[in-house]
Amino acid sequence: MANNELQQLLPVLLFILFGGMALGFAVAMVAQRNPLYSAVSLIGVFISLACLYLTLQAPFIAAIQVIVYAGAIMVLVVFVIMLLNVEEEVRRPVRLRYLVPVGVLLAAVLVGEATFMLQVGRGAAPDHFLPSRPSDVGLTASIGTGMYTKYLLPFEVTSVLILMALVGAITLARQGRAPLLAAPGNVTEEQPRLTAGGGPALKPGDTAATGRAFARAQIASGEAAAPSSGAREEEG
Amino acid sequence: MDWLSNQIGPDWARAVGQLIGINVGFIAVLMIVAYTVLAERRVLGFIQGRLGPNRVGPGGLFQPFADLLKFIFKEEITPSSSTRFIYFLAPIIAITAALMPIIVYPFGPRVWLPGIGYFHLVIARFDIALLYVLGITSVGVYGIALAGWSSNSKYSLMGGLRASAQMISYELSLGLSLVGVVLMSGTLDLYSIVEQQGGWGGMRWNLFDISRVPQVIGFITYLISAIAETNRVPFDLPEAETELVAGFHTEYSALKFALFFMAEYVNMFTVSMLATVLFLGGWQGPFVDVFPWLGILWFILKVSFFLFLYIWLRGTLPRFRFDQLMSFGWKFLLPVAIFNVVLTATILFFRLR
């Protein structure tokens with residue numbers, strides 16, 4: 001029946017669509033010069049992969065793919081690109097010239113391997129993409145049961161590893177650094193800088209706090225009159 | 001429906017039914033959004049002792065359409081030094097990510113219609129509905145972040161950075177405050193979660209369910225982080241007018257601005273629906289088991305309560321400072337949400353033993 005054939009064909013069409021999208025986004029990611037375009041292409045790759053997982057009847061893995069990779073990790077990448085304002089790459093670095101033959105070689109090995117696998121595995125795999133009998137692989141309950149019973153130790157060890165990475169990152173970031181956010185309580189009042197004549201001076205880039213300290217030093221040395229009580233309250 | 005399944009088979013009939021449902025759902029949500037905007041302007045007016053828009057149509061009822069026409073006919077301005085492709089992509093991502101989750105919310109019980117038979121009042125029902133909602137919501141951040149970056153304006157960039165930092169931070173406590181409900185229900189399927197809240201005359205909502213664990217803490221943390229997640233007052237730092245002009249959408253005009261505006265209200269609506277479904281029993285309420293169609297009314301009433309709460313808060317509260325916002329999210333809300341997960345899990349462990 002034509003209807004049945006269409007149902008057989010649909011997973012193939014979806015696979016070609018999402019697989020093609022994943023490949024296209026991956027190529028775009030490598031080829032782009034602008035780092036933000038690369039990041040957006042990588043998000044496209046992750047979302048196409050999630051759609052492929054859905055066609056393979058693994059909805060939980062698809063959702064986690066989107067939440068963790070597209071939703072969390074890539075947001076941080078985009079965030080860093082925005083914060084650092086990474087410039088567009090103007091010309092290719094010279095070292096890439098030596099990497100091109102290596103890349104071609106590795107790609108050839110990968111293609112050869114895939115061909116070999118397809119040749120060996122032919123006949124063993126079913127002709128259609130969807131398994132004929134329902135399987136619980138990739139469903140939430142089966143993954144949860146597996147993760148918290150059979151694979152509990154690897155799961156816990158992985159979380160310790162991630163915790164170590166987190167602590168390490170924080171230690172590296174905080175080493176010899178002042179707090180990033182200039183919030184009240186974070187900013188210490190600096191002593192006013194002195195000019196050659198010995199009097200305090202202000203420079204561009206001084207904060208309001210140094211300005212206040214400067215004014216206080218002026219009042220203390222008698223250069224300026226102390227403000228009225230109302231102004232002093234405002235200052236605090 | 002039977003005629004359709006005879007023609008093209010039951011699977012395809014279901015697919016056609018869902019396609020129609022999705023389109024009807026989108027149109028319904030956009031209409032609701034239009035009238036939420038009007039309701040916001042009128043209610044804010046009454047809170048502030050003025051009338052609000054009441055000229056177009058009876059009581060201002062056609063005001064949303066007038067606004068839409070204005071948006072369509074305004075001049076499209078594109079900043080000359082913007083990153084063109086991403087500049088146009090950002091509003092598309094924002095509105096798509098806002099509209100996609102609406103298909104999974106159950107808005108009524110199993111009902112009967114002549115010619116169709118029994119069916120569930122939910123457009124798409126699947127195993128991982130809650131994770132789907134969280135996943136699509138987390139993709140929505142890109143709309144705002146990319147809009148801020150691609151406009152090539154310092155106000156937009158600061159607004160985009162603030163918005164994405166805020167959304168990443170509050171997404172954690174949002175997700176964690178839902179874990180309590182998931183632990184109680186043992187499923188991620190929203191329809192089953194609502195079904196389990198039946199009983200006690202339709203009032204056995206997860207919020208008060210003392211036979212398991214009442215999710216009061218989870219509800220409060222969810223509500224606060226949902227307001228922050230949708231960038232609404234008092235967490236509307238990304239578009240603080242006094243500091244940032246209009247935040248990430250400063251450089252957007254005409255219909256592109258309207259897309260961001262709509263996305264914000266659709267997000268408001270979806271987080272209200274999620275709160276209703278998870279904590280307030282969705283369509284459950286008195287007399288639903290006698291007369292199933294009443295479920296839709298209860299659902300609409302509960303969602304309207306949350307929408308009204310949003311507007312009420314906007315008329316009442318001042319804005320946070322950015323460092324207060326961050327330390328509140330990370331140092332208070334997140335630990336409380338984690339505490340709720342531990343508490344719920346512990347009590348459930350001893351009750352179920």
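In which sense do strand E1 and strand E2 of chain B pair, and over how many bridges? The model is predicted: local features need pLDDT of at least 70 and side-chain atom pairs count only at pLDDT 80 or more, whereas totals for chains, interfaces and linings use all residues. Residues are numbered from 1 along each chain as its sequence is written, and chains are lettered from A and ligands numbered from 1 in the order in which they are written.

Strand E1 (residues 108-113) and strand E2 (residues 117-121) of chain B pair in the antiparallel sense over 5 bridges. Pairing requires that DSSP find at least two bridges between two strands; helices (H or I, at least four residues) and strands (E, at least two) are DSSP runs, numbered from the N terminus. Within this pair, Val111(B) stands opposite Phe119(B). The two strands form a hairpin with 3 residues between them, and Gly115(B) in the turn has a positive phi of about 95 degrees.

Most residues other than glycine have a negative phi. Asn231(B), not a glycine, has a positive phi of about 55 degrees and lies in the loop between helix H9 (216-229) and helix H10 (241-244) of chain B. Asn231(B) counts as buried because it has 23 C-beta neighbours inside 10 Å (buried: 20 or more other C-beta atoms within 10 Å; exposed: 12 or fewer; partly exposed: in between; C-beta atoms are placed from the backbone). Phe287(B), also not a glycine, has a positive phi of about 70 degrees. Phe287(B) counts as exposed, because its C-beta neighbours inside 10 Å number 12.
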